[in-house]
Every structure is written in structure tokens, then in C-alpha cells.
Amino acid sequence: MDAIDLHVHSTFSDGTLTPSELVSRAKQFHLAAMALTDHDTIEGIPEAVQAASEQNLELVPGVELSTFWDEKEIHIVGLFIDYTDKSFQKELESLRDVRRNRNITMCEKFTQLGIPIDYSDMEKEYADAVITRAHFADYLLKKGYIKSRNEAFDRYIGSNGPCYVPRKKMPCAEAICLIKNAWPCLVRNSLSSAL
């Protein structure tokens, strides 16, 4: 039986490889299919679809949404989404705005500690990404403020760190509805008939 990976992140969120590089890596490991499931973004999917078609790999369009339930953070992966759906794209854009505002506040906290971080510099450094705490760790390492990415989380941006800012998350039920509404009709109809 062929192997598949249905939870992969690219440089468009907190991964270290571009969508095209991920497809090449999947082929290198003889995967039959992979799903690109970046955090709160589908921006990398067109590149992944193109690369997958060139390398004869099945690409499952996906997304990973950060949600909460009973005061706990839960990440929900949605697969087989219609990444061209305009209303879905608009909802994800609003999630990115929330994340951007959080990141700006984190930059302000770093600056107050004597570690000046200009968010516009980070946006230039990670131009195609939804900037996450992993990017903050990478940025701090590149600038020489820390010796390892783990140190960034341990000292500054872990959930108890002085620069950590909690991010507003959508309720689980809302995320599930968002994903269901982004399924192509074919997927919705086949799931309905299976139930």
C-alpha cells in the first residue's frame, strides 16, 4: 500500500520548505499523496498543485485552523477544500489580520525588553508566509538574540513568556462550518449520501 501524508506545512505558515520542495520531498519518499495544510492560509496550494501535477503526485488541498473548545486550543485540519472559494478566502484573510495584530503586539513587547523588532522588517523577511511564533524564533536566531529556536520559546514566546500574546481563535463549530462550506459540491454530496 502506498504511503500518504495528510498534514504538511510549508513556508507559507511554519514549515521550512516551499510547497514545491515539499512535493519533491514527498516524491523522494515515494508518497502517493500529500495534503498541504498550512495554518490559516491556502496561499501555497496553487504552487503545490502545479508541482504535484508535474511530478505525478496527488495533492490534497487543505488548511489547519486554530480553534478553541472548553478553553482549550484545538487545531482542526480541513481536507479536500475548494481553495478558489472566495468566501473561504475572505474568512482566512480575517484570521490573518487577527494574527498580524497579535504579531505587532509581540514586537512591541520585545522592543520594551530592549530587543527592537520592526514588524515591517519581518514581513519583508517572510514575505510569502503567515508569520507565526516559529518565524519569531527564526528571526531572533538570525539577529543573534538567541542561540537556538527553543530558547526563543523558553525565554520569550512560550505561553508563559514575557512576549507571548494569546491569539483570538474561532470556536470549533465555526471552523467546522467554514471547512464544510469550502468543500466542493462533489465532496459535500458524497459525504451526505455516506451518512
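**Figure legends: the protein chain and helix H5**

**View 1. Fold of the protein chain.** The secondary structure comprises eight helices and five strands (DSSP runs numbered from the N terminus: helices are H or I with at least four residues, strands are E with at least two). The order from the N terminus is β-α-β-α-β-β-α-α-α-α-β-α-α. The model is predicted: local features need pLDDT of at least 70 and side-chain atom pairs pLDDT 80 or more, while totals for chains, interfaces and linings use all residues. Residues are numbered from 1 along each chain as its sequence is written, and side-chain values use heavy atoms, without hydrogens and water.

**View 2. Overall dimensions.** Along the principal axes, the C-alpha atoms fill a box of roughly 55 × 40 × 30 Å.

**View 3. Helix H5 and its cover.** In helix H5 (residues 133–142), the buried residues are His135, Phe136, Ala137, Asp138, Tyr139 and Leu140 (buried: under 20% relative accessible area, 1.4 Å probe, protein chains only). Their cover includes helix H3 (86–112), helix H4 (119–125) and helix H6 (149–157); contact means heavy atoms within 4.5 Å. Across the protein chain, 44% of the 195 residues are buried.

**View 4. The residue Gly144.** Gly144 follows H5 and has a positive phi, near 85°.

Methods: Buried means under 20% relative accessible area, exposed over 50%, partly exposed in between (1.4 Å probe, protein chains only).
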